[in-house]
Amino acid sequence: MPSPRLTHSSSSIKSKNSLDILVSSNALTLCGSPEESVGCVLTGTLVLTLVEPMKLKSLRLTFLGTVMMNPIDGDSPKEIILTKKQWVFLQSQSTSYWLEPDQYMYNFGIVLSGDFPESTRVRHGCISYKLIAVAERPGLHFNIKTQKTIDVKRTLVNSTELWMGSHPVSTNWDNRLLLSISIPSQYFSIGSNLPFSIQATPLEAGLNIVRVKAFLREVVTYSLGRYARPITRCYGLSISYVDCTANQRNLWELQGVLSIPNRASHNCETGYIRVAHQLAVELQVTDAKKASKTICMTYPITLLSPIHYELAQSPPSYLHHSELPAPELMTPPPPYSSFTPW
């Protein structure tokens, strides 16, 4: 999207004092693994709009990245600060700045290294990034505050991998039954359907499949500290029962579909939160003596958020330097002679 450009036209002047954060993009993309990614750049403009004269003590903007862990097994909540960068546009002093009605613009930029963990939110924790702006006012006046969430995503999948077929997962159960599970791709978008097929060949007379159950499983691992034991939680996302048709020529060919709910989290691999997904299939079989057994198979899959899915099909766009806000558009801080006691 184009970089923000502000003018002093009457249409851009607001009806009340405000503080806005404009960024070139709300979503940042890290391409490749943490070891190979070159990182990304966040640029933007902090806009202070005043419709009446105002005294300010300070004006600052903070970029904050945190890991929040909610209580697990009785633990207390934990917060880890990943990064904190602050820009001070008006330094706090014993005297205040006197600002006339106008739009004051302050450009900023930050480079994120390629090893930053991507944004994610799961049941017991989240990794998030945000910009926080505060215009501090003297005395008992309320400060002017605003914040903006920045979504940091990592893409490891390209369009070739996305459309490549996956290899079947096969097993030989006790030399009595050959089983194979196939899916059209290893990658699926959250909110879509996951079709699968099962082939079963009995190697023993009288063997019969009486029930097939498939379910989508989400496995989340929380790492609370360098020396803490990782905690893993498994959640069921959806379930489907497959119609078991009669075998023909000693071969079962079964088809099924699982829905991928919107509440699912995308796959991610960070040092704090790891999310993985599995297609699990349970087959209940009986032999000639009517003895019942349950066979379990799992197939690893990757769930992509809509943003991940879009990035996998087309690379992210980058702004040319000529598209960035021009330095002359930025209203500089008031000179020191503007100090007034409060």
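Which residues does Tyr222 touch, not counting residues up to four places away in sequence? They are Met69, Ile72, Val122, Arg123, His124, Gly125, Pro230, Ile231, Arg233, Tyr235, Tyr272 and Ile273, where contact means heavy atoms within 4.5 Å.

## Basis of the model

This is a predicted model, in which local features need pLDDT of at least 70, side-chain atom pairs count only at pLDDT 80 or more, and totals for chains, interfaces and linings use all residues. Residues are numbered from 1 along each chain as its sequence is written, and side-chain values use heavy atoms, with hydrogens and water left out.

## Overall make-up

The secondary structure comes to 2 helices and 22 strands. Helices (H or I, at least four residues) and strands (E, at least two) are DSSP runs, numbered from the N terminus. Of the contacts with a separation of 6 or more, 72% are between residues 24 or more positions apart.

The protein has 342 residues, and 45% of them are buried. Here buried means under 20% relative accessible area, exposed over 50%, and partly exposed in between (1.4 Å probe, protein chains only). The protein exposes about 18,200 Å², with carbon and sulfur atoms supplying 52% of it; accessible areas come from the Shrake-Rupley method with a 1.4 Å probe, and for residues only the protein chains shown count as cover.

## Nonpolar cores

Tyr222 is also one of the residues with the most contacts inside the largest nonpolar core, which has 46 residues.

A nonpolar core is a set of buried Ala, Val, Leu, Ile, Met, Phe, Trp, Tyr and Cys residues joined through side-chain atoms within 4.5 Å.

## Salt bridges

The model has 6 salt bridges, each defined as a side-chain nitrogen of Lys or Arg within 4 Å of a carboxyl oxygen of Asp or Glu. One of them joins Arg176 and Glu204 at 3.0 Å, N to O. Arg176 lies in the loop between strand S12 (169–173) and strand S13 (177–182), and Glu204 in the loop between strand S15 (193–202) and strand S16 (208–222), so this pair ties together parts that are 28 residues apart in sequence. Arg176 is buried at 15% relative accessibility, whereas Glu204 is partly exposed at 28%.

Lys213 and Glu282 form another salt bridge, at 3.6 Å, N to O. Lys213 is in strand S16 and Glu282 in strand S20 (residues 273–286), so the pair links parts 69 residues apart in sequence. Lys213 is buried, with a relative accessible area of 17%, and Glu282 is partly exposed at 22%. A salt bridge of 3.8 Å, N to O, pairs Arg274 with Glu269; Arg274 is partly exposed at 25% and Glu269 is exposed at 61%. Through shared partners, salt bridges join Arg176, Glu204 and Asp287 into one network.

## Positive phi in loops

Asn175 has a phi near 55°, a positive value in a residue other than glycine. Asn175 sits in the loop between S12 and S13 and is exposed, at 60% relative accessibility.

Lys290 also has a positive phi, near 65°, and is a residue other than glycine. Its place is the loop between S20 and strand S21 (292–304), and Lys290 counts as exposed at 67% relative accessibility.

Asn17 is in the segment before strand S1 (18–23). A polar atom of the Asn17 side chain lies 2.9 Å from the backbone nitrogen of Val51. The Asn17 side chain also makes a polar contact with the side chain of Glu52, at 3.3 Å. A polar contact is a pair of N or O atoms within 3.5 Å; within protein, one must be able to donate a hydrogen and the other to accept it, and residues adjacent in sequence count only if both atoms are side-chain atoms. Not counting residues up to four places away in sequence, Asn17 touches Thr49, Leu50, Val51, Glu52, Met54 and Ile144.

Leu82 belongs to strand S6 (residues 78–90) and is partly exposed, at 22% relative accessibility. Leaving aside neighbours within four places in sequence, Leu82 is in contact with Gly65, Thr66, Val67, Pro117, Ile127, Tyr129 and Tyr272. The C-alpha atoms of Leu82 and Ser128 are 9.4 Å apart, while the two residues are 46 residues apart along the chain.
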